[in-house]
Amino acid sequence: MNSEKAFLCLWLFIGLSCFGCITEEDGKLDNNNPVIAIISPAIDQTYVAEWGGAWPEGEPVLLEAKGIEDVKVKSIQVTVSINIGDIVLNKVLENLSDNKLEFTFSESFTAEETGVYTVLFTVIDSSGNVGTSTARTFTYL
């Protein structure tokens, strides 16, 4: 009976090692997806596409989000698209800071044409778990 228990414990350990994400950081089991908090843009915010005259460029949009994780945020990706699918910005920022639990992505974006834009933030932790924000739209008029 004891050998059966030892055998089951061994298989349980192997199963957790194979199916769970154990980080190299602390040896912690990490099955939790990171969380994302969008700071900017505000929901359905409107921006000026072209000032005209001496200011030919439109108003910049601050794309900012914070990734929060219980072990380590590895990177944050931002994707901006127009017309439901035409990607105009796709950028990944790696976390090289000393703060492992929180990481903020901040990037200025100026549209080249009018329309409704969608921004999506994705956070990846050191174990490969992924957290994705809800899509947020903003408009350039």
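**View 1. A cluster of aromatic rings.** Ring pairs join Y47, F109, Y117, F138 and Y140 into a cluster. Rings of Phe, Tyr and Trp (its six-membered ring) pair if their centres lie within 6.5 Å; planes under 30 degrees apart count as stacked, over 60 as edge-to-face and the rest as tilted. This is a predicted model, in which local features need pLDDT of at least 70 and side-chain atom pairs count only at pLDDT 80 or more, while totals for chains, interfaces and linings use all residues. Residues are numbered from 1 along each chain as its sequence is written, and side-chain values use heavy atoms, with hydrogens and water left out.

View 2. The structure holds eight aromatic pairs. The ring centres of F105 and F121 are 6.3 Å apart and the planes stand at 70°, so this pair is edge-to-face. F105 lies in strand β6 and F121 in strand β7, 16 residues apart, and the pair links distant parts of the chain. Helices (H or I, at least four residues) and strands (E, at least two) are DSSP runs, numbered from the N terminus. Both F105 and F121 are buried, where buried means under 20% relative accessible area, exposed over 50% and partly exposed in between (1.4 Å probe, protein chains only). Y117 and F138 form a stacked pair, with 5.6 Å from centre to centre and 10° between the planes. This pair also links distant parts of the chain: Y117 is in strand β7 and F138 in strand β9 (residues 136-140), 21 residues apart. Y117 is buried at a relative accessible area of 1%, and F138 counts as buried at 0%.

**View 3. The open sheet of β1, β3 and β6.** Three strands form this open sheet in the order β1-β3-β6, with antiparallel pairing. Two strands pair if DSSP finds at least two bridges between them. The edge strands, β1 (35-40) and β6 (102-109), each pair on one side only. Strand β3 (residues 61-68) pairs with β6 over eight bridges in the antiparallel sense. G67 has F103 in β6 as its bridge partner. Strands of a sheet pair through backbone hydrogen bonds, either parallel or antiparallel.

**View 4. Strand β4 and its partners.** Of the 10 residues in strand β4 (residues 73-82), eight are buried, and the strand is mostly covered. β4 runs antiparallel to strand β7 (residues 115-125), joined by nine bridges; the bridge partner of T79 in β7 is L120. Eight bridges join β4 to strand β5 (residues 86-94), again antiparallel. Here V78 has K91 in β5 as its bridge partner.
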